[in-house]
Amino acid sequence: MQNNSNNRLPTPLLRVTKLTKKFGDFVANDSLDLSIEAGKVHALLGENGAGKSTLVKMMYGALQPTSGVIEWQGQRVTVANPAHARDLGIGMVFQHFSLFEALTVVENISLALPPQLRQADLSQRIASLSNDYGLPLNPEALVADLSVGERQRIEIVRCLLQQPKLLIMDEPTAVLTPQEAQALFSTLRRLVAEGCAVLYISHRLEEVRQICHDATILRHGQLVAEVDPQVETAATLAQLMVGSSVHQVNRPANNAVGPVLLQLKHLNQPSNTPFGVALVDINLSVKTGEILAIAGVAGNGQGELFGVISGEEGDRSSRSMVLMNQVCNQLTINQRRQLGAAFVPEERMGHGAVEHLSLTDNILLSRHACNDTPNPLNRGLMGIDRAQLATLNATIGRDYDVRKGREDAQAGSLSGGNLQKFVVGRELNRKPKVLVINQPTWGVDAGAAALIRQAVIDLSRQGSAILVISQDLDEIFELADTIAVISRGQLSAGYAAAQLSREDIGLMMAGSHEQNNAGSGT
Amino acid sequence: MSAYEAIILTIITASTPLLLAAIGELVVERSGVLNLGIEGMMVMGAVCGFAAAHVSGSAWLGVIAAVMGGVAMSLLFALLTQTLITNQVATGLAITLLGLGLSGLIGSDFVGLPGVKLSNVSIPWLTELPYVGRLVFGQDPLVYVSIVLTAGVAYGLKYTRWGLIIRAVGQSHSSAHALGYRVIAVRYACIAFGGATSGLAGAYLSLVYTPQWIENMTAGRGWIALALGVFSTWLPGRLAAGAYLFGGVWILGLYAQAMGLGIPSQLLSSLPYVATILALVVISTNRRLSVINTPASLGQGFVPDR
Amino acid sequence: MQIVLEKRSQASSWMNVMSPVLAVSLTVIMGGLIFAAIGKPPLTALYLYFIDPLTSWWSIEEVLVKAGPLVLIGVGLAVCFKANVWNIGAEGQLTVGALMGAMVPILFGDWQGPWALVAMLLLGAVGGAMFAFIPAWLKTRFGVNEILTSLMLVYIAQLLLDWMVRGPWKDPHGFNFPKSVAFEGWHLLPMWGDGRMHLGLVIALVIALVLYWVMRNNLKGFEIRVVGSAPRAGAFAGFSQTKMVWFCFALSGALAGLAGLIEVAGPIGQLQPHISPNYGFTAIIVAFLGRLNPLGVVFAGLLLAVSYIGGEGVQIELGISDKTTQVFQGMLLFFILMCDTLILYRIRYLSAKPVTGSGDAS
């Protein structure tokens, strides 16, 4: 096939040499070397922001390298665009799915395939292939009606239909239950046995040790190590990723559990959009000094539950929520804050903070009506108390280690981890009696995550009631005294964290606690 | 020609410019772009069409010039909103204000001059058929163009790959980009198509409806065409029905004036605008329908990360 | 070489100031080219357009008289657009405000005195606000797009005015001209100077200054900025989107209505079928050119007023259609939108061209 004699055996399927990508002055990938061999699962490890996504996007043609060489089966190539990558035999499953909600499964898949295929034939091939690999799918279903796991299957089937030689998967298990993840692993093992290569991006070390043959570790855009994951431990891998020993979250025993501060009783909430999730008969209670964590796969009603508890949505006439011994459905979010509650939403940008506003303005955002500062922040006709906001900003910045370009920077200029520390710090600075926090450390680096988790634990041990909503099981086990699981808008009972295993939670995530499963399709 | 034929003919004449402008905008919006500049593109089409036809004496050259005028304005819109990522609402307004001004400037030399009318189709024998001959075989050519375009768009969006790509881009530009589609190029093409049909709609006004140039002769039809898009929930069949309904309302007002029922003419003239508002209210009561068909990224600029 | 836009990490405050300057310069250059293209001396035309109106006290007064309504409507719209509420029916609200305020001289012609004038001003504002409540109600109650409804209502308002001055409110002694009775005494705004300057301009300036302070230092201004740029963050802050829609339409409608009343009780002095040279639409340009900042709107309003007077000047002196004014205004909005891109993005020239095409793949 190729006549350039090579003294190396065997030729790697894909090799990148001195690959560099700069965004302006920022070096996202700094002269990386990496080779991937057929029939193996190769892990790409690194923290958020280490440059993993940038690297694979260049392999997939979604980004163009600033300099460096990509070789495919021994030949130097320029991957011009994703279509070209697919022609070469490279398929990719994105972390954020590239799916179209209002289109059917078959339409979604056909968009990634050559235009000659007829949709009727394609439907048949989807059905047969998805059954072969244990990824059942109904080709005519509307994507909007499918669960996250099913959506991921579309992405995988879409790749497999092109018989890829290399399959790139970006954080595939982040959205899956442990059982779904195991099913995915067996699909991957079968693919590898057929000679396909898999580039597996993750920051979950246990699963990397479970299925990967090689591992490349990135930190701050640079390659720091190539290791055999089978001989490493999770701890050594973590150290390589983070670059220093990993912060251990210190969690003192919880012996000061007092009265209930937050309670939901038979809360029902119909979905207000066609593709939303309805909340069904939700019951929960959080006591002083307790951390209740709600686990669940994304899109099962977490956002809706947060909205009802914060007061941004919900039926004002019902009597299903009690905060500080007071029925509070009729109260606005600011009245709930005045009772001592604080809220941290999932989306930092656009919900918890405003991109083009300064940090002081962003403090004003959630605290203008709290009345818990020495003087009111909003002085009516006297205007806003800017001096006090500046002091608060300095305090929050110091206490929660918010790194910023200048003291009162715009929120949009902070990195994800620093903005999350700011948004959490803004609320914790109030010493709230009740804290509701949705996905506390989603997409932030390990250092910021450890700081935030420690701060949340410390607050609870000082006597606050805390409700954590998270899809990260590691985080749940690190924080929770009590665990409940949400699926399809239904919440399980709360169990002491020590009584539960990951597998138990996985079963509940898949809906084992739901009262009626009439709607389940698969 | 019987009275009913005359009424239906005038309704079709009043509806066709609405349908032409709206079917183009439907494609634009399906690709995720909100172009509020229809009125400006339409009035530019009208003045370019009139001027070219008057100078050359050929109505068909007028039609071509009208299409080019509409496309030119739409490309200006595309340049701003797609390449420079400006606010689509404000840019659409700018197109309208600029179009109204520019058309007035170009047209100032043509006010009161005789125009060239695009003649009706005439097929020996068929057109003379009783009752249906004039209606089916004797319209002006642009009526057939509007119907063919509507059918083509309906079929194309639903069954062709191009249609699928347009819907995909309108649904989620980031997903489409991730799959390797050139979002901005697709949107440029759709915007240009919208400009072309708006230009045609303008040509219809100055070459068929009233073959002369009158300042601001679009009289808000571009905005009504926009409302038709919302009213139809972006479905071409409903769009056509809506366009004929509005044409009917327009003509109803004119007939009532002509009959002199003692109703103030201003009240009758306001009927199309009142009807537009009412139609928007009625359609909004079925929110699920609108939400499902609304292109999810409508009006949002797309910036690829490089 | 390839030119790409690159997002700035912080919005550029330098470009925020420079963008209108750049836009005006580009408009002047394009304007010169247009004049040259239609065979008129470009420099003379530009001089007549932008400088000549400022060379005599008489025309400066005219500029100020035109700037009044533009600023008044423009500050209201600036607040609306900042809050992402798209009231583009100010022209209609202006018309209804004029009609409401004119009730005093037309229906209660005998009521003279300062309170009659105050009543007129209040009625003008109330009329504009009430008319603006129609799109506000349709949006908050039914979710109907306010752009379309507010615009449709412009046509309806103008037809209403047309009917009133040709029908019920026609001056019975007016030789059948479509005009109302001429306003007299306290039904006219106090005037001074050569008899054109009136109280309206003072009102506009005061309101612009108040709104400037509110937008900058008051929680309401903060609320407007947050709800407009990030609705979900607005809900998180406890600000109601629905109330914001009502507030914006009330404010901008009242100011447009006031502007309408000031026109009929000032320069015009009676009702007639056309009471505004598109002030309601031109104010959209004023709002954007003024960076949606009330102080900026004052300057932008003056500039566009100059373009109205300059447009009349070139028409008289060079015989150029007064439509050039509208073209200038449209271009100005265009260029300001273009230049605004530079506030959030910077232009970068890429010299390293990624090789495209898949030829080397096989």
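# Chains B and C: fold, surface and aromatic pairs

In chain B, 76% of the contacts (heavy atoms within 4.5 Å) between residues at least 6 apart in sequence join residues at least 24 apart. The structure is a predicted model, in which local features need pLDDT of at least 70, side-chain atom pairs count only at pLDDT 80 or more, and totals for chains, interfaces and linings use all residues. Residues are numbered from 1 along each chain as its sequence is written, chains are lettered from A and ligands numbered from 1 in the order in which they are written, and side-chain values use heavy atoms, with hydrogens and water left out.

**Chain B: overall form**

- Chain B contains 14 helices and zero strands, where helices (DSSP H or I, at least four residues) and strands (E, at least two) are runs numbered from the N terminus.
- The radius of gyration of chain B, taken over C-alpha atoms, is 19 Å, close to the 19 Å that the globule rule (2.2 Å times the number of residues to the power 0.38) gives for 306 residues, so chain B is as compact as a globular protein of that length.
- Along the principal axes, the C-alpha atoms of chain B fill a box of roughly 60 × 45 × 45 Å.
- Of the 306 residues in chain B, 59% are buried; buried means under 20% relative accessible area, exposed over 50%, and partly exposed in between, with a 1.4 Å probe and protein chains only.
- Chain B has an accessible surface of about 11100 Å², and 71% of this belongs to carbon and sulfur atoms; the areas come from the Shrake-Rupley method with a 1.4 Å probe, and for residues only the protein chains shown count as cover.

**Chain C: overall form**

- Chain C comprises 14 helices and four strands.
- With a radius of gyration of 23 Å, close to the 21 Å from the globule rule for 362 residues, chain C is as compact as a globular protein of that length.
- The C-alpha trace of chain C spans about 90 × 55 × 40 Å along its principal axes.
- Buried residues account for 58% of the 362 residues in chain C.
- Chain C exposes about 14700 Å², with carbon and sulfur atoms supplying 66%.

**Aromatic pairs**

- Over all chains, the count is 20 aromatic pairs; rings of Phe, Tyr and Trp (its six-membered ring) pair if their centres lie within 6.5 Å, and planes under 30 degrees apart count as stacked, over 60 as edge-to-face and the rest as tilted.
- The ring centres of B:Tyr155 and B:Tyr159 are 5.2 Å apart with planes at 40°, so this pair is tilted.
- Both B:Tyr155 and B:Tyr159 belong to helix α6 (residues 141-159) of chain B, four residues apart, about one turn of the helix.
- B:Tyr155 counts as exposed at 52% relative accessibility, and B:Tyr159 counts as exposed at 57%.
- B:Trp250 and B:Tyr273 form an edge-to-face pair, 6.3 Å centre to centre with 65° between the planes.
- This pair links distant parts of the chain, with B:Trp250 in helix α11 (residues 236-259) and B:Tyr273 in helix α13 (residues 271-284) of chain B, 23 residues apart.
- B:Trp250 counts as buried at 13% relative accessibility, and B:Tyr273 counts as buried at 6%.
- One aromatic cluster is formed by C:Phe35, C:Tyr49, C:Phe50 and C:Phe328.

**Surroundings of B:Gly170**

- B:Gly170 lies in helix α7 (residues 161-171) of chain B and counts as buried at 0% relative accessibility.
- Not counting residues up to four places away in sequence, B:Gly170 touches residues including B:Arg30, B:Arg187 and B:Leu298.
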